[in-house]
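Here are a few exercises to work through with the model open in your viewer. Try each one yourself before you read the solution.

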Amino acid sequence: MATTDRTTPYVSIVIPVYNEEGILREAISDLRAQLAPFGWSYEILICENGSSDQTVALGQHLAGEMAEVRVLSVGAPNYGLAMRQGILEATGEFVICDEIDLCDTDFYRRAMDLLEHDDADLVVGSKAMKGAYDQRPMVRRLATRVINGMLRVALDFRGTDTHGLKAFRRARILPIVHQCVIDKDLFASELVIRAGREGRHVVEIPVQVAEKRRPAINLVRRVPHVLRGLAHLTYAIRVQNGRRE
């Protein structure tokens, strides 16, 4: 439900949400307060996907109260599709992809410095590289390392993280978004991997992560989707792309 006649923002902040009525208002209000010192024109895209609580209604109320907020909905529990739709709907010169329980404006500041003053095209906030501080439960930290290990084996991924905080020049990365064939949990991984393979300058910076609430989706239930997505992604990049080349 995008509104029209808005001044084009400098930065678009894309935040997928699922059943987040408990923290949505506070998180968005805090984020706006933390963005004020930066002096950017910005929009916040709340990208809802299949919530069964009052997330959509609350998001609509926030959009009515706050001129910078827009609400999109993909109608099904699909994190990757919600992120992709948010990126496609974003109008800013730069796009930041965040999580509602993070809203890490220190990452915004550091990433934008690299995008504006360096030659970076895509900045990834890594929870696993040297200097990062991951305070999530052990099982979630282990899952990050397992998935990254599988990506290294299957697709020769050279980085340390793909999921979570990202910032990029929209014009440079939008063509990569259109190439992506995976949604759900591995869309973010495909985006980062394809960007590197297409010659975009991808930079990782360490981030601090702490869990503010229990994950909205059970980690164990995600495993079959991740494995199927990894098989699909490997085929798409290794086989289908190889045929085109």
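**Exercise 1.** With which side chain does the side chain of Lys-127 make a polar contact? Then work out where Lys-127 sits and what surrounds it.

*Solution.* Keep in mind that this is a predicted model.
- Step 1: pick the side chain of Lys-127 and look for its polar partner, which turns out to be the side chain of Asp-161, at 2.8 Å.
- Step 2: check the backbone too. A polar atom of the Lys-127 side chain lies 2.6 Å from the backbone oxygen of His-163.
- Step 3: Lys-127 belongs to the loop between strand 5 and strand 6 (133-134).
- Step 4: decide on burial. Lys-127 has 11% relative accessibility, so it counts as buried, the cut-off being under 20%.
- Step 5: Setting aside neighbours within four places in sequence, Lys-127 is in contact with residues including Ala-132, Arg-136, Thr-144, Asp-161, His-163 and Val-209.

**Exercise 2.** Is Ser-126 buried or exposed? Describe its setting as well.

*Solution.* 
- Step 1: locate Ser-126 in strand 5, which covers residues 122-126.
- Step 2: Ser-126 counts as buried because its relative accessibility is 0%.
- Step 3: follow the side chain of Ser-126 to the backbone nitrogen of Ala-128, which it reaches at 3.1 Å.
- Step 4: look beyond four places in sequence, where Ser-126 touches Ala-132, Thr-160, Asp-161, Glu-204, Ile-205, Pro-206 and Val-207.

**Exercise 3.** Which residues line the second largest pocket, and which element gives the most to that lining?

*Solution.* 
- Step 1: find the pocket, with a volume of about 240 Å³.
- Step 2: read off its lining: Leu-155, Asp-156, Phe-157, Arg-158, Gly-159, Asp-161, Val-192, Ile-193, Gly-196, Arg-197, Val-202 and Glu-204.
- Step 3: sort them by element. Helix 7 (187-197) and strand 8 (202-206) are the elements giving two or more residues to the lining, and helix 7 gives the most, with four.
- Step 4: link back to the earlier exercises. Asp-161 is one of the lining residues, makes the polar contact with Lys-127 and is touched by Ser-126.

Technical notes
Residues numbered from 1 in each chain as written. Predicted model: local features only at pLDDT ≥ 70, side-chain atom pairs only at ≥ 80, totals over all residues. Heavy atoms only, no water. Buried < 20%, exposed > 50% of the residue type's maximum accessible area, 1.4 Å probe, protein only. Polar contact = N/O pair within 3.5 Å; in protein donor to acceptor, adjacent residues only side chain to side chain. Contact = heavy atoms within 4.5 Å. 1 Å grid on protein atoms, 1.4 Å probe; cavity = no way out; pocket = protein on both sides within 12 Å on 5 of 7 lines; lining within 4 Å. Points joined across faces, edges and corners; volume = space filled by probe spheres on them.
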